[in-house]
Amino acid sequence: MVQPTPANTRLYRHGKLVAEGFPIAEVSDHLDEDDAVIWFDLCSPSEEELAIISEELGLHELAIRSVLTPNQRPKLDMFDSHMFLNVYTAHFDGDTGLLDLTEASAFITANALVTVRTSDRFDLQEIINRWDSSSGLAEHGVAFLLHGVLDYVVDTHFEVVQAMDEQIEVLEDRLFDEQIPDRDQQRRTFGLRQSLVTFRRVVSPMRDIVNALFRRNDVIRDSSITPYFQDVYDHVLRAAEWTDSLRDLVGNIREAHMTMQSNRMNLIMKRVTSWAAIIAVPTAITGFYGQNVPYPGSEQMWGFWTSTAIWAIAALVLYFQFHKRDWL
């Protein structure tokens, strides 16, 4: 007989984990219990499932609509009885330079946290490990659960910005190579810039989200869990500022590539022009002596050697003058 897969649920009482993996249908039995804190997770729920949860927790219809509408911006909406959080985790592929974002939401009430994922790429096990490693903070209830979620999300942002920084350092080192950046390198630079622009849209709003929790949530602001949220906020600021500086740096690298190409073209044009000038002098002299009119040394051997010496000396003079000015 196949055993049912345990649900992603947890029940805390008085700061202690007392049950987990129980069916979501039993959640409503614990919502009215004193000192009970509930967490459960939904992965790509249907509209009917959300309607049931909304009725149990008294969720606002706008919050439900935000879950059903994909690609919402990162935000924290405040309602009378709950809060709605929307965030993105991020993963960066160093080989392809592609950024992978996973959207997740959360309903936050006084005694319940409901996470809603769009896919399994949002790593619940990593969040559970953070809760278990800091179980001493479980007495703070929903604030403790929310901290684990935000800490995981912000850590993925920090890992991405570190990986992007390493990629950009490689591009910087190649700027000093004598070889002009090839098409693949230029495409990689442009792809990194696009990823940074997208990543910035995810990271920057996190400052407002965590800041709003401090300003409008008395449970967090006036408890001993405040330093832990402050630590998350510091990571958010570092990730956001780092992202802004990297975006400017990639833009500078792109401009440097274009400048190097322009300088290379100018150098080529100088060389072509210099050789054209050198060739023009003997062409003019031999053209003059090739006229069908008498000239000094006409039909004489010394006239031939004189004209040859003139254009050879003129060509050498031009060559050394151009070389001295670094045109050749």
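User: What is the mean pLDDT of the protein chain, and what share of its residues reach 70 or more?

Analyst: This is a predicted model. The mean pLDDT of the protein chain is 82. Of its residues, 84% reach 70 or more. Residues 1-5 have a pLDDT below 50. Beyond near neighbours in sequence, that stretch has zero contacts in the model.

User: How many helices and strands does the protein chain have, and what share of its residues count as buried?

Analyst: The protein chain has eight helices and seven strands. It has 328 residues, and 42% of them count as buried. Among contacts with a separation of 6 or more, 63% join residues 24 or more positions apart.

User: How many aromatic pairs are there, and why is the pair of Phe84 and Phe107 called tilted?

Analyst: The count is five aromatic pairs. In one of them, the ring centres of Phe84 and Phe107 are 5.5 Å apart. The cut-off for a pair is 6.5 Å, so these rings qualify. Their planes stand at 45°. Stacked needs under 30 degrees and edge-to-face needs over 60, so 45° makes the pair tilted.

User: Which parts of the chain does that pair link?

Analyst: Phe84 sits in strand E5 (residues 83-92) and Phe107 in strand E6 (residues 99-108). The two are 23 residues apart, and the pair links distant parts of the chain.

User: Are Phe84 and Phe107 buried or exposed?

Analyst: Buried means under 20% relative accessible area. Phe84 has 0%, so it counts as buried. Phe107 also has 0%, so the label is buried there too.

User: What makes the pair of Phe158 and Trp242 edge-to-face or stacked?

Analyst: The angle between the planes decides it. For Phe158 and Trp242 that angle is 70°, over the 60 cut-off, so the pair is edge-to-face. The distance is 5.7 Å centre to centre. Phe158 lies in helix H4 (residues 142-175) and Trp242 in helix H7 (residues 226-289). The pair therefore ties together parts 84 residues apart in sequence.

User: Which labels do Phe158 and Trp242 get for accessibility?

Analyst: Phe158 has a relative accessible area of 11%, under 20%, so it is buried. Trp242 has 23%, between the 20% and 50% cut-offs, so it counts as partly exposed.

User: Where is Trp131 found, and how do you know whether it is buried or exposed?

Analyst: Trp131 is found in helix H3 (residues 124-133). Its relative accessible area is 2%, under the 20% limit, so Trp131 is buried. Leaving out residues up to four places away in sequence, Trp131 touches Arg10, Tyr12, Trp39, Leu113, Phe144, Leu145, Gly148 and Val149. Trp131 and Phe144 are 13 residues apart in sequence and 7.8 Å apart in space, C-alpha to C-alpha.

User: How many cavities of 30 Å³ or more does the structure hold, and what lines the largest cavity?

Analyst: The structure holds one such cavity. About 40 Å³ of space lies in the largest cavity. Its lining is Leu85, Val87, Ala104, Ser105, Ala106, Thr115, Phe122 and Val149. E5 and E6 each supply at least two residues. E6 gives the most, with three. By class, the lining has six nonpolar, two polar and no charged residues.

User: What lines the second largest pocket?

Analyst: That pocket has 15 lining residues; Val67, Leu68, Val116, Arg117 and Thr118 lie nearest its centre. Helix H2 (61-68), E6 and strand E7 (112-117) each give two or more residues to the lining. The pocket holds about 170 Å³ of space. Its lining divides into seven nonpolar, six polar and two charged residues.

User: Why point out the phi of His14 and Asn71?

Analyst: Because most residues other than glycine have a negative phi. His14 is not a glycine, yet its phi is positive at about 55°. Asn71 is not a glycine either, and its phi is positive at about 60°.

User: Where do His14 and Asn71 lie, and are they buried or exposed?

Analyst: His14 is in the loop between strand E1 (9-13) and strand E2 (16-20). Its relative accessible area is 61%, over 50%, so His14 is exposed. Asn71 lies in the loop between H2 and strand E4 (75-78). At 66%, also over 50%, Asn71 is exposed.

Definitions and conventions. Residues numbered from 1 in each chain as written. Predicted model: local features only at pLDDT ≥ 70, side-chain atom pairs only at ≥ 80, totals over all residues. Heavy atoms only, no water. Phe/Tyr/Trp six-rings, centres within 6.5 Å; stacked < 30°, edge-to-face > 60°. Helix = DSSP H or I, 4+ residues; strand = E, 2+ residues; numbered from the N terminus. Buried < 20%, exposed > 50% of the residue type's maximum accessible area, 1.4 Å probe, protein only. 1 Å grid on protein atoms, 1.4 Å probe; cavity = no way out; pocket = protein on both sides within 12 Å on 5 of 7 lines; lining within 4 Å. Points joined across faces, edges and corners; volume = space filled by probe spheres on them. Nonpolar A, V, L, I, M, F, W, Y, C, P; charged D, E, K, R; others polar. pLDDT = per-residue confidence, 0-100. Contact = heavy atoms within 4.5 Å.
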